Amino acid sequence: MTAQTGTLPPEGVRRMFDRIAPVYDAMNRLMTAGLDQRWRRETASAVVRPGDRVLDVCCGTGDLALAATKAGGHVTGLDFSTSMLERARRKSSAVEWIDGDALALPFPDASFDAATVGFGVRNLANVERGLGELRRVLRPGGRVAILEITRPRGALAPFYRFWFDGVIPLAGKVLPGGSAYSYLPASVRRFPAPEGLAKLLDEAGFEEIRWRLFAYGIVALHTGAAR
Ligand SMILES: C[S@@+](CC[C@H](N)C(=O)[O-])C[C@H]1O[C@@H](n2cnc3c(N)ncnc32)[C@H](O)[C@@H]1O
């Protein structure tokens, strides 16, 4: 199964995040009514044990990496957007922040006990390769957690479409880097449903794959262990 989900080439994705970095955290809080930080805490606590070496890939402005630190991990955060990383660095010096590519992680095999990705996998030009890299840098038995936006089914679907495909792109028009907020719903539309992501995780070499949904199915948290 292939999952080429990006509407932009990697360089375009990187530039887009460089542009929206100044408003990224505020937009997150606004779009999720403040729930995003709770989801990040749940993500970290699902896989991080005290003392773990943890890699947070696509760390952006660093909030999930910080949640992993609070869960007791020794955390490395990696991203390819300099502006997003700049903001992460200002938040904490307890995390090692690295400018790098999720599709070619600059770490030896089996370097980490746990890995997290928050709202990042959907942006990768090649999801399979990204998952393969996560598997490679985890020790056997190491745990992965992937937090990602998904599309709810059932009664909530029309409200979601109104909010996500209508209101968010409209809000983006009046903010810097507004085109990112048209990219957002488009990238979610193309991303596999939870079952599809579970299959990709299996194919990448993970087992014990489970997922749970937050906020009536708007966000999915997948967890697994490296085989
Ligand atoms: C939506 S933000 C998520 C930030 C953060 N994890 C959070 O929880 O808010 C996605 C991040 O993925 C990064 N990204 C996308 N593709 C990447 C790649 N190939 N390598 C490294 N970072 C990447 C972007 O620069 C951006 O900071």
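At what angle do helix α2 and helix α3 pack, and how many Å apart are their axes? In this predicted model, helix α2, residues 36-47, and helix α3, residues 63-70, pack at an angle of about 50°, and their axes lie 8 Å apart. Helix α2 is therefore oblique to α3, and the crossing of the two helices is right-handed. On the side of α2, the contact involves Gln-37, Arg-40, Arg-41, Thr-43 and Ala-44. These residues meet Asp-63, Leu-64, Ala-67 and Ala-68 in α3. By residue class, the contact of α2 with α3 comprises four nonpolar, two polar and three charged residues.

Helix α3 itself is mostly covered, with six of its eight residues buried. The buried residues are Asp-63, Leu-64, Ala-65, Leu-66, Ala-67 and Ala-68. Asp-63, Leu-64, Ala-67 and Ala-68 of this set also take part in the contact with α2. Helix α3 is followed by Gly-72, which has a positive phi near 105°.

Leaving aside residues up to four places away in sequence, Thr-116 touches Thr-43, Val-47, Leu-55, Asp-56, Val-57, Leu-64 and Ala-145. Among these neighbours of Thr-116, Thr-43 of α2 and Leu-64 of α3 also belong to the contact between the two helices.

The residues of the contact of α1 with α7 divide into ten nonpolar, no polar and no charged, whereas the contact of α2 with α3 includes three charged residues.

The cysteines were examined for disulfides, taken as sulfur pairs within 2.5 Å. The count comes to zero. The closest cysteine sulfur to that of Cys-58 is in Cys-59, at 8.1 Å, and this is too far for a bond.

Most residues other than glycine have a negative phi. Ala-110 has a positive phi of about 55° although this residue is not a glycine. The residue is placed in the loop between β3 (96-99) and β4 (112-118). Because its relative accessibility is 34%, Ala-110 counts as partly exposed. Ala-215 is another residue other than glycine with a positive phi, here near 50°. This alanine is found in the loop between β6 (206-214) and β7 (219-226). With a relative accessibility of 26%, Ala-215 counts as partly exposed.

Key:
Residues numbered from 1 in each chain as written. Predicted model: local features only at pLDDT ≥ 70, side-chain atom pairs only at ≥ 80, totals over all residues. Heavy atoms only, no water. Helix = DSSP H or I, 4+ residues; strand = E, 2+ residues; numbered from the N terminus. Buried < 20%, exposed > 50% of the residue type's maximum accessible area, 1.4 Å probe, protein only. Axes fitted to C-alpha atoms, helices over the stretch in contact; angles between N-to-C directions. Parallel < 35°, antiparallel > 145°, perpendicular 65-115°, else oblique. Left-handed = near helix turned anticlockwise from the far one by under 90°. Contact = heavy atoms within 4.5 Å. Nonpolar A, V, L, I, M, F, W, Y, C, P; charged D, E, K, R; others polar.
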